[in-house]
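Hi,

Here is the structure I promised to pass on.

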Amino acid sequence: MPTFLPRWSGWYGTELEPRCQVPEEELEDMRMIGRQTKDILDKHNMSYVLGFGSLWGALRTGDILPWDIDIDILVIVDRTSDIRGTIDMLIEDMRAQGMDVYYRDWVGIIQGYSPIYKSQLDLSFWCDYYGTGTMHRCSGWESFVFFVHHRFKFAFPARLVEPPLPELNFINRSWTVPREGIEIQKIHYPNDWWKVAKPRGC
């Protein structure tokens, strides 16, 4: 576990102190580790897309949303590949860039933190695990133990991440994003995908 207290806990935690505007120096810190991680993924010719709040940022402004506290990247892997080997390789490369990096076994996510402001980046790993044309989170135990919840809350059609993928500008880089615009967001945000959902009080 990190020696500092993260602002969020778990896959979808509750921010301890919701902020309507993350300070610019923290946002820039987050952009830095985002660009560093993108370079690592590109070096290894990995397939990935922006997801969740980061995808909203790319779609709306081309930058991190003012209240967002992490960068979300969905890494697309083959279900027959050495996923744990890929995770270990990425952790090593991210640490070489000076990030504090942890693998959360339960949720199957790599969390990287910048060395200055502890800005956060999450890497999750997705594959067509059952060969049915549906992408599932294919690392960690949570998606298998709570498979019904995962299927309805997170799983999405594999066609949305089939290459070639469209690109959008985000943090001054061109990033691959899911196909069909906001279709994946309708799945991940079923109750409010049509509006700008800010933290409470903003």
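Val145 sits in helix H4, residues 142–145 (helices, H or I with at least four residues, and strands, E with at least two, are DSSP runs numbered from the N terminus). With 48% relative accessibility, Val145 is classed as partly exposed; buried means under 20% relative accessible area, exposed over 50%, and partly exposed in between, with a 1.4 Å probe and protein chains only. Together with Trp106, Trp141 and Phe146, Val145 makes a nonpolar surface patch of about 480 Å². Patches take residues with over 30% relative accessible area and no salt bridge, joining like charges within 9 Å and nonpolar side chains (Val, Leu, Ile, Met, Phe, Trp, Tyr) within 5 Å. A salt bridge here is a side-chain nitrogen of Lys or Arg within 4 Å of a carboxyl oxygen of Asp or Glu.

Before you go further: this is a predicted model, where local features need pLDDT of at least 70 and side-chain atom pairs count only at pLDDT 80 or more, while totals for chains, interfaces and linings use all residues. Residues are numbered from 1 along each chain as its sequence is written, and side-chain values use heavy atoms, with hydrogens and water left out.

**Overall build**

The protein has six helices and nine strands. Along the principal axes, the C-alpha atoms fill a box of roughly 45 × 40 × 35 Å. Of the 202 residues, 50% are buried. The accessible surface is about 10,000 Å², with 53% of that belonging to carbon and sulfur atoms (Shrake-Rupley method, 1.4 Å probe; for residues, only the protein chains shown count as cover). Among contacts with a separation of 6 or more, 62% are between residues 24 or more positions apart; contact means heavy atoms within 4.5 Å.

How many of the nine residues of H2 are buried? Seven, so H2 (residues 52–60) is largely enclosed by the rest of the structure. The buried ones are Phe52, Gly53, Ser54, Leu55, Trp56, Gly57 and Ala58. They pack against strands E1 (47–50), E2 (70–76), E5 (120–127) and E8 (167–170), plus helix H6 (183–188). After H2 comes Gly62, with a positive phi near 75°.

Asp29 is buried at 6% relative accessible area; leaving out residues up to four places away in sequence, Asp29 touches Ser114, Ile116, Tyr117, Lys118 and Ser119. Arg35 also counts as buried, at 19%, and with that sequence cut-off Arg35 touches Glu28, Ile171 and Arg173.

**Cysteines**

There is one disulfide (a pair of cysteine sulfur atoms within 2.5 Å). Cys20 and Cys202 form it, with their sulfur atoms 1.9 Å apart. This pair links distant parts of the chain, 182 residues apart: Cys20 is in the segment before H1 and Cys202 in the segment after H6. The S-S torsion is about -95°, so the disulfide is left-handed. Cys20 is partly exposed at 37%, as is Cys202 at 39%. Cys127, by contrast, is buried at 0%, and Cys138 is buried at 8%.

Cheers
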